[in-house]
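Hi there,

Here is the structure I promised to pass on to you. Please open it and have a look around before reading my notes.

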Amino acid sequence: MDPKSQDFTHGGNSSNELNKLPIIGRKMLYKIFMEIPAILCVVTGPEFNLLLSNEPFYRLIGKKDLNGKTMNDILPELEGQGFLKLLTKVYESGVPFTGKEFPVKLIRESGIKETVYLNFNCQAFLDHEEKLTGILIFAYDVTEQVVSRIKVENAESSYKKLVEGLPSALFTCNADGFIDLYNDAAVSLWGTTPEPGKVEFWNVLKMLNLKGEPLPFKESPMYIALKEGRVGNGEIMIERPDGTRRNVIPYPQPLLDVKGKINGAVNVLVDITEQVKARKQLEQALAMLANLYVNAPAFICTLKGPEFQFDSINPEYQKLHGKRKLEGRKLIEAVPELKGQGVFELLNNVYNTGEPFVVTEKLLFLGRDEGKEPEPTYLNFSYQPMYDKEHEIDGILVFGYEVTEQVLQRKKGEENLKTILESLPQITSTSSADGTNIYFNKFFFNYSGLSREEASSTGWNSILHPDEIRDVLAEWENCKTTGSDFYKEIRLKRESDGMYRWHIAHLTAVKNSSREIVQWVATATDIHEQKTKEQKKDEFLSIASHELKTPLTTVKAYLQLLELSLEGHSDELKLYTKKAIQSVDRLKDLISELLDVNKIKLGLLNINISSFNFNEMLDNAIDGVKTNLMNHKIIKTGLIKETVEGDKERLEQVIINLLSNAIKYSPDEEFVFLDVSLDDGFVKVSVTDTGIGIAKTNLDKIFDRYFRVADHDIQFQGLGIGLYISMNIIQQHKGTLWAESKINKGSTFYITIPLKRPDSN
Amino acid sequence: MSQSQQKCVLIYDDDVEILTVCKAILAGKNYRIETLLYCENIIDDIQKIRPDIVVMDLWIPKIGGENAIKLMMENDSTKNIPVILFSANDEIEKISERIHANGYLKKPFDIIDFKKVLSKYLDS
């Protein structure tokens, strides 16, 4: 905080400081701060310490002497009401907040939660280092209007309450001044209980004038009323027996007998000690406001009357207009360049309706000195109506600060970003949250051959491939409602040769801190060459695996012939032949897997549905891996009696894959467990091993094509595509496949598939 | 057994090695085994050789095995001869259904299966 303002908060010589302020008079500060029937307070720091506040604020909350305390200390009842959150938001974002008929529950003297309704505006202000330092809160208590409007309270009872709540001390004396009658309030004011008829009122306690000097009793208003019949009043002080002093205003009235002769007097004493105290505090608060007014890095000025005459201007406001003379001049004369910039319409609206106006980053062209070329100036500011004593609007309070530098810097950043976007060798565009096209980069125009007008009306639609346009647009609609990303390989038409080239398109939502979509950014990268190469590779793979199988066929056949011709020869020879045949089978499986992957990629892996005995299939699968068993035993539990609809061969392939993996990854173990059960129309199979397990980070990836847990690379063989194929097969059965695993404890793979095909009856 | 009583197997494959090993597998059987590398003249071939069963590879140059079988099925004099497909093509099961073949064998096949399927049609 600014050291000067810190001096002030300590307070001592506030009146001196006030006198030092030539620009704004004491009277004007009074107007701004006190006589607006509005609640005004200034809080600083993240805890919202009350820096200063006015009488209406105290009246609102029913507490006093709070400066320096935090909002939470002052009003713990605000907890959970959302108001502090609002302040925090304003404090963190710097964005002003305006509320209308905002209900706030307060615990005042009554100790009961009362709902008050406020129209308010919270405006952050910056310190010299452009850091948010506090919040200025303007508020209007509109409880009465709201309450009367909703007819919750009846007028009579509220009036009674008001009367009951009025504190008034009352006493009478006879013609000689002896105290006659008095009420409880008088006793508590005096601090003593005089004996009726025994004491003159001037002897009950000491009377003093406002300078603290003894007041001769003959000069007291009561005495004058009693002796001269004149009714006068004026503030006096009384000193109680305990030495404390109270400020009171006496309202004496002579009492006349039937002949019209004064035979006594009645006096109502109004205790204004609190008001006087408050007035003194006000002076202090005003001094702080004056300091804020002069030293705050915020501009403040008041405009009087319907023609908006400059009334008071703080130095920061003066800076906006250089050395121009402003005071006493009409806004339109002093700052003529504002004409046509919409300012007067705004001011008139506030003046006529009383609705405060708040704006951020408003661009105004202001000449820093008279006659100088107006410069773009960005301002955050508010217009608040000011009221006269009759509660009529008689002017406008302008509060705000300049943000030109920040805005220009940000715009420069945006400009840089645009330059980058322009030079990207990628199609790039942006659109608003609702999908309206905003921006296309140069590459988009070059590629599509569209004009700016065509691009902004049709966007990407005119270059999408006819086969894909419907899917793409449907997905785009989905993105707009869900806010999710779009990531897809699509074909886009190139203008120069009319060719639809493959692109990877990526659409992503830019969101603000409240997770609302601000805009969409779309890019498309040409992957045509890669895609074509991949297609060629896939085609090659398909032919290669077919060609590889042909010699394999002869190898296997000759080996089997050899095996048959070895009848009667040594077991060793037979074993060698058997091993060779097993190896050929594995080679065949590997080639098949390669081909399956290729088919999955091309979307050609089809399943042939039939009803089959699931249990038998499981037994076949177990037989199928028996030839590969090292020292393992497969323990099967559970039984499915029902027939299952599915592709028997493909499902057997999945079970074989899971069993082979379980064996492969538990080389030193004895058992692999297979369990089957029926659960709510689904067949569930689990394959469990007690082997090396899979790290959590790898668990999701094991179903990826060609993924193999790196740690196992050397130790274990296989292409790592088996699970990828299995996953595809299970998905085609509308089932699920997942794994649970712990390192060094083993893994369990689960499959569930519906007993009956969902689309069959 | 005289030659006229001998059952005849006609095998089409563009790979000579496959044809050779097929002959070796069936050597112990009393079949007459004819092999051909091309299939575009299938009707003429069948009329000349008069096989009791046709074993057809799918990927054969020019018209291909599937079309050759279709020609055969459309011809009254040849349509009743049993047909077995054998191929490394994974679609063999579907193709077999499509052209109403009597059976199929996925390459690489097991020689026992090969002998079984022929025996089913020839040794009854």
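Below is what I found in it, starting with the overall picture.

Please keep in mind that this is a predicted model. It scores ipTM 0.86 and pTM 0.41. For chain B, the mean pLDDT is 89, with 96% of its residues at 70 or more.

Chain A has 761 residues, and 29% of them are buried. Its secondary structure amounts to 24 helices and 28 strands. Among the contacts in chain A with a separation of 6 or more, 53% are between residues 24 or more positions apart.

Next, the cores. In general, nonpolar side chains tend to be buried together in soluble globular proteins. Here the largest nonpolar core holds 60 residues, and the members that touch the most others are A:Ile135, A:Ile137, A:Ile396 and A:Val398. If you set aside neighbours within four places in sequence, A:Ile137 is in contact with A:Cys41, A:Val43, A:Phe120 and A:Cys122. There is also a second, separate core of 34 residues, including B:Ile11, B:Leu19, B:Ile60 and B:Met72.

Finally, a helix pair in chain A to look up. Helix 21 (residues 614–626) and helix 22 (residues 648–664) of chain A have axes that come within 9 Å and cross at roughly 45 degrees. That angle is why helix 21 of chain A counts as oblique to helix 22 of chain A. Their crossing is right-handed. Residues making the contact include A:Leu618, A:Ala621 and A:Val625 from helix 21 of chain A, and A:Leu651, A:Ile655 and A:Leu659 from helix 22 of chain A.

Enjoy exploring!

Best wishes

How values were computed: Residues numbered from 1 in each chain as written. Chains lettered and ligands numbered in written order. Predicted model: local features only at pLDDT ≥ 70, side-chain atom pairs only at ≥ 80, totals over all residues. Core = buried A, V, L, I, M, F, W, Y, C linked by C-beta atoms within 7 Å. Buried ≥ 20, exposed ≤ 12 C-beta atoms within 10 Å, placed from the backbone. Contact = placed C-beta atoms within 7 Å. pLDDT = per-residue confidence, 0-100. Axes fitted to C-alpha atoms, helices over the stretch in contact; angles between N-to-C directions. Helix = DSSP H or I, 4+ residues; strand = E, 2+ residues; numbered from the N terminus. Parallel < 35°, antiparallel > 145°, perpendicular 65-115°, else oblique. Left-handed = near helix turned anticlockwise from the far one by under 90°.
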